[in-house]
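Here are some notes to read alongside the model, written for someone meeting it for the first time. Please keep the structure open as you go through the points.

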Amino acid sequence: MSRLEEENHVTRDSLRELWMIRHAPTRSDGGLCGRRDLPADCPAPDRFDDLRARLPGAARRLRSPALRCVQTAQAIWAEGWQDAAQLWEQDFGVWEGRPFADLPDLGPLSQADLAAHRPPEGESFADLCARVRPALAKLEGDSVIVAHAGTIRAALALALGTVPPALSFEIAPLSLSRIALLPEGGGIVREVNRCP
């Protein structure tokens with residue numbers, strides 16, 4: 001039990017645990033992926049054994065409907081997944097597909113300004129958090145979720161109770177992050193970016 005759990009008199013039964021996995025590396029053309037529906041480059045099935053052993057088999061299973069998330073989820077467990085459209089990656093608008101070298105230099109933005117910055121015809125990280133928050137907040141019980149780096153950062157923002165600092169977390173492909181959501185809001189970050 002963490003200090004936060006003790007201070008808030010939280011029992012294990014009142015927490016909702018999220019095991020969040022970023023999809024396998026994307027087979028990309030070198031451009032910004034965002035909402036583009038690109039396939040995953042999934043490793044051999046035995047590479048998922050260690051990850052699978054860390055996950056609760058009886059938990060609810062959710063995934064972004066993006067092809068790379070569907071393929072990753074099926075490599076972990078072949079069935080039992082539900083698609084959740086709110087878990088899609090951030091929409092980068094007209095920046096989608098552009099090579100990273102061709103993206104505009106935003107200059108020295110503060111975390112708050114970066115979180116609020118909306119690419120043309122896209123959504124900001126704060127918008128992404130607002131989209132993801134209700135989907136996670138309404139979950140009952142424990143859940144395993146296969147999604148995107150932005151989605152996992154949005155869950156971290158929910159746990160932290162603030163959006164901008166969540167942009168500081170590295171979320172590698174196939175990494176596991178664990179968050180316990182508290183009944184009254186906020187949460188406990190158990191681990192972030194644990195790689196196999």
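1. Residues are numbered from 1 along each chain as its sequence is written, and side-chain values use heavy atoms, with hydrogens and water left out. Helices (H or I, at least four residues) and strands (E, at least two) are DSSP runs, numbered from the N terminus.

2. Let us stay with E191, which sits in strand β6 (residues 187-194). Is E191 buried or exposed? With a relative accessible area of 17%, E191 is buried; here buried means under 20% relative accessible area, exposed over 50%, and partly exposed in between (1.4 Å probe, protein chains only). Its side chain makes a polar contact with the side chain of R194, at 3.4 Å. A polar contact is a pair of N or O atoms within 3.5 Å; within protein, one must be able to donate a hydrogen and the other to accept it, and residues adjacent in sequence count only if both atoms are side-chain atoms. Not counting residues up to four places away in sequence, E191 touches L176, S177 and R178, where contact means heavy atoms within 4.5 Å.

3. Now for the whole sheet. It is an open sheet of six strands with mixed pairing, in the order β3-β2-β4-β1-β5-β6. Its edge strands are β3 and β6, each of which pairs on one side only. Two strands pair if DSSP finds at least two bridges between them.

4. You can walk across the sheet pair by pair. Two bridges join β2 to β3, and these strands run parallel; R63 stands opposite D83 in β3. Strand β2 (residues 60-63) is also parallel to β4, through four bridges, with R61 opposite V144. Five bridges join β1 to β4, again in parallel, and I21 stands opposite V146 there. The direction is antiparallel between β1 and β5, which share six bridges, and W19 has R178 as its bridge partner in β5. Five bridges join β5 to β6, which also run antiparallel.

5. How many of the residues of β1 are buried? The strand is mostly covered, with six of its seven residues buried. In helix α3 (residues 67-76), the buried residues are R68, C69, V70, T72, A73 and I76. Their cover includes β1, α2 (49-54), β2, β3 and β4.

6. A nonpolar core is a set of buried Ala, Val, Leu, Ile, Met, Phe, Trp, Tyr and Cys residues joined through side-chain atoms within 4.5 Å. The largest one here has 27 residues, and L18, M20, L87, F125, L136, I145 and I179 have the most contacts inside it. Two or more residues come from each of β1 (16-22), α5 (125-137), β4 (143-147), α6 (149-160) and β5 (176-181). Helix α6 gives the largest share, eight residues. Apart from this core lies another, of 19 residues, among them A59, I76, V146 and L174.

7. Q90 deserves a look of its own. It is found in the loop between β3 (82-83) and α4 (111-116), and counts as buried at 9% relative accessibility. A polar atom of the Q90 side chain lies 2.8 Å from the backbone oxygen of E123. Leaving aside neighbours within four places in sequence, the contacts of Q90 include G34, R35, P119, F125 and R131.

8. Why are there no disulfides? A disulfide is a pair of cysteine sulfur atoms within 2.5 Å, and by this rule the count comes to zero. The sulfur of C42 is 10 Å from the closest cysteine sulfur, in C69, so it is too far for a bond. For C129 the closest cysteine sulfur is also in C69, at 17 Å, again too far. C42 counts as partly exposed at 27% relative accessibility, whereas C129 is buried at 1%.

9. Finally, a word on confidence. pLDDT is the predictor's confidence in each residue, from 0 to 100. The chain averages 92, and 93% of the residues score at least 70. Where pLDDT is low, the predicted coordinates should not be read in detail.

How values were computed: This is a predicted model: local features need pLDDT of at least 70, side-chain atom pairs count only at pLDDT 80 or more; totals for chains, interfaces and linings use all residues.
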